[in-house]
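Work through the exercises below with the sequence and the 3D view open. Try each task before reading its solution.

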Amino acid sequence: MDTLISKKLEIIIPAYRGHSQTFLLVLDGISEEDALKRIEGRTNHIIWMVGNFLDMRYGLGFVLGLTEEFKYKDFFFQGKALDESLTYPTLQELKEEFHKISPLVYQKLLEATDEELDKAFPMGMNIDFFPETVLNFVGMCIGREDYLCGQIGLMRRILGYEGMKYDFDKDLKY
């Protein structure tokens with residue numbers, strides 16, 4: 001594992017790298033056509049889920065000090081509802097964004113200090129057991145990524161694809 005500054009992120013770093021792997025593996029073989037399918041008009045499509053995943057990565061990067069803007073922010077910012085009247089970016093375009101932002105966020109996670117992680121980060125949740133800090137926002141992003149990969153995995157099976165394989169790429173360093 002790469003060297004990190006804050007011991008508070010010891011569990012986050014492997015989770016982040018694992019999510020990068022899972023994200024790519026769960027999308028493996030999904031066609032562009034299938035990525036836009038909804039189930040009985042009640043679910044989000046995979047493209048929306050992928051875009052929301054990336055919105056989390058860009059949001060995480062922003063909180064950690066990155067200035068990169070998500071090219072497709074207008075479609076997905078803060079879980080913006082799916083709008084069937086829009087022409088969404090392709091799965092390939094979103095994968096390219098994933099490879100652009102993910103290594104940058106990973107580096108920022110490695111460089112984060114305890115002081116930076118302990119800073120207040122108002123989220124408007126107002127839950128007494130959940131301090132609104134940068135560290136807890138990082139944790140929320142990791143949880144959201146887990147959720148979205150699970151949703152994509154379920155959609156994968158519903159659409160008739162085989163289950164996701166866990167053939168991790170040891171050369172992917174983010």
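**Exercise 1: A residue in a helix**

Task: Find where E145 is placed, and decide whether E145 is buried or exposed.

Solution. Step 1: E145 sits in helix α6, residues 134-158. Helices (H or I, at least four residues) and strands (E, at least two) are DSSP runs, numbered from the N terminus. The model is predicted: local features need pLDDT of at least 70, side-chain atom pairs count only at pLDDT 80 or more, and totals for chains, interfaces and linings use all residues. Residues are numbered from 1 along each chain as its sequence is written, and side-chain values use heavy atoms, with hydrogens and water left out.

Step 1: E145 has 0% relative accessibility and counts as buried. Buried means under 20% relative accessible area, exposed over 50%, and partly exposed in between (1.4 Å probe, protein chains only).

Step 2: Apart from neighbours within four places in sequence, E145 is in contact with H19, F53 and R57. Contact means heavy atoms within 4.5 Å.

Step 3: The side chain of E145 makes polar contacts with the side chain of H19 at 3.0 Å and with that of R57 at 2.7 Å. A polar contact is a pair of N or O atoms within 3.5 Å; within protein, one must be able to donate a hydrogen and the other to accept it, and residues adjacent in sequence count only if both atoms are side-chain atoms.

**Exercise 2: Cysteines**

Task: How many disulfides does a search of the whole structure find?

Solution. Step 1: A disulfide is a pair of cysteine sulfur atoms within 2.5 Å. The search of the whole structure gives 0 disulfides.

Step 1: For C141, the nearest cysteine sulfur is that of C149, 13 Å away, and C141 is in no disulfide. C149 is in no disulfide either.

Step 2: C141 is buried at 1% relative accessibility, and C149 is buried with a relative accessible area of 7%.

**Exercise 3: The second largest pocket**

Task: Which element gives the largest share of the lining of the second largest pocket?

Solution. Step 1: On a 1 Å grid over the protein atoms alone, a pocket is an open set of points where a 1.4 Å probe fits, with protein on both sides within 12 Å along at least five of seven lines; lining residues have an atom within 4 Å of a point.

Step 1: The second largest pocket holds about 170 Å³ of space. A volume is the space filled by probe spheres set on the points, which are joined across faces, edges and corners.

Step 2: The lining includes W48, R144 and Y147. The largest share, 7 residues, comes from α6.
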